[in-house]
Structures are given as C-alpha cells and as structure tokens.
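I opened my notebook to look up a few things in one structure. My entries follow the display.

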Amino acid sequence: MAKIVTLGEIMLRLSPQGNDRFIQSESFRIIPGGGEANVAISVANYGHEAYFVSKLPKHEIGQIAVNALRRYGVNTEFVARGGDRVGLYYAETGASMRPSKVIYDRAHSSIAEADPSDFDFDKIMEGAAWFHWSGITPAISDKAAELTKLACEAAKRHGVTVSVDLNFRKKLWTSEKAISIMRPLMKYVDVCIGNEEDAELCLGFKPDADVEGGQTDAAGYEGIFKQMMQEFGFKYVVSTLRESYSATFNGWKALIYDGKEFYQSKRYEINPIIDRVGGGDSFSGGLIHGLLTKKTQGEALEFAVAASALKHTINGDFNLVSVDEVEALAGGNANGRVQR
Ligand SMILES: O=C(O)C(=O)C[C@H](O)[C@H](O)CO
C-alpha cells in the first residue's frame, strides 16, 4: 500500500444532541474532524500509510485531536506541536426544512499561525505516492496558504501525485481572494475534485447555461470539465453530484473526466442521511484509493462514490469503512441485512 500525505486543520466539532438547536443545548458532543484529516483516516482504513500534516497545541485539548487520528491508524509524526488554539466549530443538525448550521471559531488556531520552519516538507514527501489538500487549508490564513504552496512544491520535487478538493468555504474567504490564491496553485495539481460551484468560486469558471433548478446535470458538467482540463492540464477532473429533489430523495453520484472519456457512476439513493459532514472527504479518500489501485477511472470512481454513500450513514466526520465493505456496495452485493 502507498504512503499518502494530507495537509490541513483538524478541529473539534461541538454539536448539540440529535436535532437540538444550539440555543437550547446544555452540553455539546465533541467530534474531531477536518477536511484533510478525514481523507487521511479514510485511506488509513483502506490499509495505506496515511500521514496527516498540521500543527496543534501541546496541551490536552490538542491531544484529543492527535489521539483521534492515531486511533484510526494515521501517522502523526509530522503534526507539529505548539501555539495555543485548536480550531473549533459548532454544528447544529437540521431536520426536514430546517437546514444544518455551522459556526466557526477557528481564527488564530495553531495551524493558522504555523511557520514554514515547523515542517520539513522534503522529508514529509520522501517516498510518498500521493499528496492531498483542499481549498480549506489556504483559506484558513495567509500563512497556511504559504504552507500549502511549499508542500505542493515539495510534492512535485519528489514526483508525488497531487490532488485537491476545491471545497469553497464562504465563511473563510471571498471568491475573489480564493481565485487569487487557488489559481496559481493549480499548476501543481494532477487530480482536481470540485463541483460547479467550487469551480466558479475558487477558479472563476462560469457554469454552463443548462443549469436546471439550481443544479447542473451531468451533461452540464462536460463543458466545465473541458475548460478546466484545457486551462490547467489536470490528469483528471472529478465531481460528486447531489440530486436532492425533495427532503427524502438524496441521490448521490459522481463524474470523472480524463481528457478523453466522461464516466458517470451509478447513483445511490441515501435515505435517511445520518451525517453528511465529511461526505465529500470520504469521496476524495475513496478516489485516491481507487486511482492508486484500480485499472480504470470508472472503477476508481465507483469505489469513491460507494465509499462516500456509506459515509452518509455514519455519525461523525470519519468514514469508518473497510475496502471489503465498499467493494460489496460498489459490486451490488450489499443488501442491508444483518451480516452474520
Ligand atoms: O469546514 C471545514 O473547514 C471543515 O473541515 C469541517 C468539516 O470537517 C469538513 O467541512 C468536512 O468536509
């Protein structure tokens, strides 16, 4: 299996019980998570040598996050320790027509204030097959954006495949700022993951005209994918596609383009959704495993979309599933019966 490195922030998610609102809560559950940490845990579950790179305080609250990574087999040797703050976010789970809500409390976290001297990126990338980051990392702070660039440069020096999940977060930066930082970073990227909204807000691509009811259909993606490929020369452009036409219909599928063929995965109907946070990250984790181990882009995508469909059934950010469980779903052998 391969050495896979991810860079970003792991936070503590503070959530009310069940569907309670923030203001009626007397206690919050602590759930560790963060885009790139979630990807590291996914690939560790698939048997890879996963390394998460970040900075966390030395105190016990920082240790909660380190322990969460170690519990699932992620190597934390390159998590620098120091600074004062672990990023927090509060997440309220919606119900029916009431949407879920996130409030960040992450400014001045240790990773937001980390310095290049906290990391030896050449050592980190040595022997790695894959480096993954997301648009959340450069959005955290200018210093974190600089770290992202240094990590990408080191990855390229060591011949490491680089993937990005564009992951636009409007509470962290504006589209103008995102475009100015993200576009120059695309020259390091081999595999670009993002929906049409991310492509517009992070990279400045305008969606095609055939957007129906606010959702671009699979055909509408072809134009955007072609433009992205032409401009940045990615090896693959990939997107998940949520088809939610009602509160109970949660269609979930994905698309991949290698510059020659568009492949569209099968669609899963996920009902009920237990926790959608981390759904995109579980897709990225599955895609990395798929592209590293499968023969075709189609097989890789089917693995990724099945992995992320399963994530929606699990509480917390992490996709705690094995290769066999994902293969069973992707291969049509999962029937929801008790496994004895
Ligand atoms: O929004 C973020 O910055 C997070 O990393 C929180 C969640 O873990 C992430 O959004 C899941 O993809």
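How far does a polar side-chain atom of D281 lie from an oxygen atom of the ligand? I looked it up and got 2.6 Å. I noted that this is a predicted model, so every distance here is computed from it.

**Entry 1: the ligand**

I stayed with the ligand. The protein covers 92% of the 320 Å² of accessible area that the ligand has on its own. Next I checked Y104. An N or O atom in the Y104 side chain is 2.5 Å from an oxygen atom of the ligand. Then I turned to G35. Here a backbone N or O atom is involved, and it lies 3.0 Å from a ligand oxygen.

I also listed the surroundings. There are 14 residues around the ligand. Y104, R106, R169, D281 and D317 come nearest. I sorted the shell by type and wrote down 5 nonpolar, 5 polar and 4 charged residues.

**Entry 2: aromatic pairs**

I moved on to the rings. The structure holds 12 aromatic pairs. I picked F225 and F262. Their ring centres are 6.3 Å apart and their planes are at 20 degrees, so I logged the pair as stacked. The cut-off I used for stacked is planes under 30 degrees apart.

Where do F225 and F262 lie? I found F225 in helix α8, residues 218-232. F262 is in strand β15, residues 262-264. The pair therefore ties together parts that are 37 residues apart in sequence.

Is F225 buried or exposed? Its relative accessibility is 1%, so I wrote down buried. F262 has a relative accessible area of 26%, so I wrote down partly exposed. For both calls I kept in mind that buried means under 20%.

I then looked for a wider group. Y221, F225, Y257 and F262 form one aromatic cluster.

**Entry 3: charges over rings**

Which ring face does K3 lie over? I found Y51, with K3 at 4.8 Å from the ring centre. R183 lies over the face of F205, at 5.9 Å from the ring centre.

**Entry 4: Y268**

My last stop was Y268. I placed Y268 in strand β16, residues 268-269. Its relative accessible area is 11%, so I marked Y268 as buried. I also checked Y268 against V305. The two are 37 residues apart in sequence. In space they are 8.3 Å apart, C-alpha to C-alpha.

Key:
Residues numbered from 1 in each chain as written. Predicted model: local features only at pLDDT ≥ 70, side-chain atom pairs only at ≥ 80, totals over all residues. Heavy atoms only, no water. Phe/Tyr/Trp six-rings, centres within 6.5 Å; stacked < 30°, edge-to-face > 60°. Helix = DSSP H or I, 4+ residues; strand = E, 2+ residues; numbered from the N terminus. Buried < 20%, exposed > 50% of the residue type's maximum accessible area, 1.4 Å probe, protein only. Lys NZ or Arg CZ within 6 Å of the ring centre and 35° of its normal. Near = heavy atom within 4 Å. Polar contact = N/O pair within 3.5 Å; in protein donor to acceptor, adjacent residues only side chain to side chain. Areas by Shrake-Rupley, 256 points an atom, 1.4 Å probe, with all protein chains shown as cover. Nonpolar A, V, L, I, M, F, W, Y, C, P; charged D, E, K, R; others polar.
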